[in-house]
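Open the model in your viewer and keep the selection tool at hand. The tour goes from stop to stop.

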Amino acid sequence: MKYKFTLFFVGLWLLCSLTSAQEIDNSAKLNLYNDLLNTEISIINQKETLKLKDVKNKVIIAIFWASWCGPCVRQAMDLQIIKTEFQKDDLFLIGLNADPEDKDDIYRFLGKRKAPKSSVISGSATADNKDFLKALKQNKFNYPLGFVKEDLFGSLLKVSKKDAIPQIIIINNGEIKEIYVGANRTEKIQQNLKEIFAQK
C-alpha cells in the first residue's frame, strides 16, 4: 500500500513538472511572438524601418542569419526559391541579423560606413559569402534583409534552446508554428507551406 502511495505521488509530481515546463515554454513562445512582431527592423538598402505587426494576413517566415556564417548564407540564398515558388500566396519572408559587429561590417562593405584597412568581411569571406554580399550590394535579393537588436535573438534562444544560426521561424494565424535550427531546411519549409496554404 505504501509503495502504491509513493508511486501515486511520484506520478503526480512528474505530471505537475511537465505541465509547469509546458507553461514556461508557452510563455517563452508568446514572448518571442510579441517581440518578433513589435521589434523595429532596419532594412538593408532602404531608409524606412519595418515592424512585422504591420504585415497583415500573411504567413511570415523569418530567418536569423549573419554574413560570416556559411550555412546561414546558403540558407538565406535558398529561401529565394521559396519566395519565388509561393509568390502568388500570402507569404512574407524576411531575414533578421542580430549581430551588431556584422551590421558594421556589412555597412562598411556597402560603402555606408568608412572601412578600416583590414575589413573583417573582405579579409575572411568565402565564395558563398562573396556571392551573398555581391547580391546584397546590387540589391538583388527578392525579400528584405535587415537588422534587429540582440535581445530578440535572446528571446528566440529561450524557445529553441539552441545557440546556433541559422534559425528559421514560421508564423501563421497569430502564432509560431515551427522553428527550424540549421541549414538545408528548404524542402521541409516548402512542405510546411504547402500544408498551410492548402488549408487556407
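Select residues 100-109: this is helix α3, and E101 lies in it. Helices here are DSSP runs (H or I, at least four residues), numbered from the N terminus. The model is predicted: local features need pLDDT of at least 70, side-chain atom pairs count only at pLDDT 80 or more, and totals for chains, interfaces and linings use all residues. Residues are numbered from 1 along each chain as its sequence is written, and side-chain values use heavy atoms, without hydrogens and water.

Show the surface at E101. E101 is exposed, at 62% relative accessible area. The cut-offs are under 20% for buried, over 50% for exposed and partly exposed in between (1.4 Å probe, protein chains only).

Which residue pairs with R108? Select D105: the two form a salt bridge, with the closest N and O atoms 3.0 Å apart. A salt bridge needs a side-chain nitrogen of Lys or Arg within 4 Å of a carboxyl oxygen of Asp or Glu. R108 and D105 are about one helical turn apart, because they sit three residues apart in helix α3. R108 is partly exposed at 25%. D105 counts as buried at 10%.

Move to K177 and E175. Their closest N and O atoms are also 3.0 Å apart, in a salt bridge. K177 is partly exposed at 37%, and E175 is partly exposed at 39%. The count by this rule is two salt bridges.

Conventions. Helices (H or I, at least four residues) and strands (E, at least two) are DSSP runs, numbered from the N terminus.
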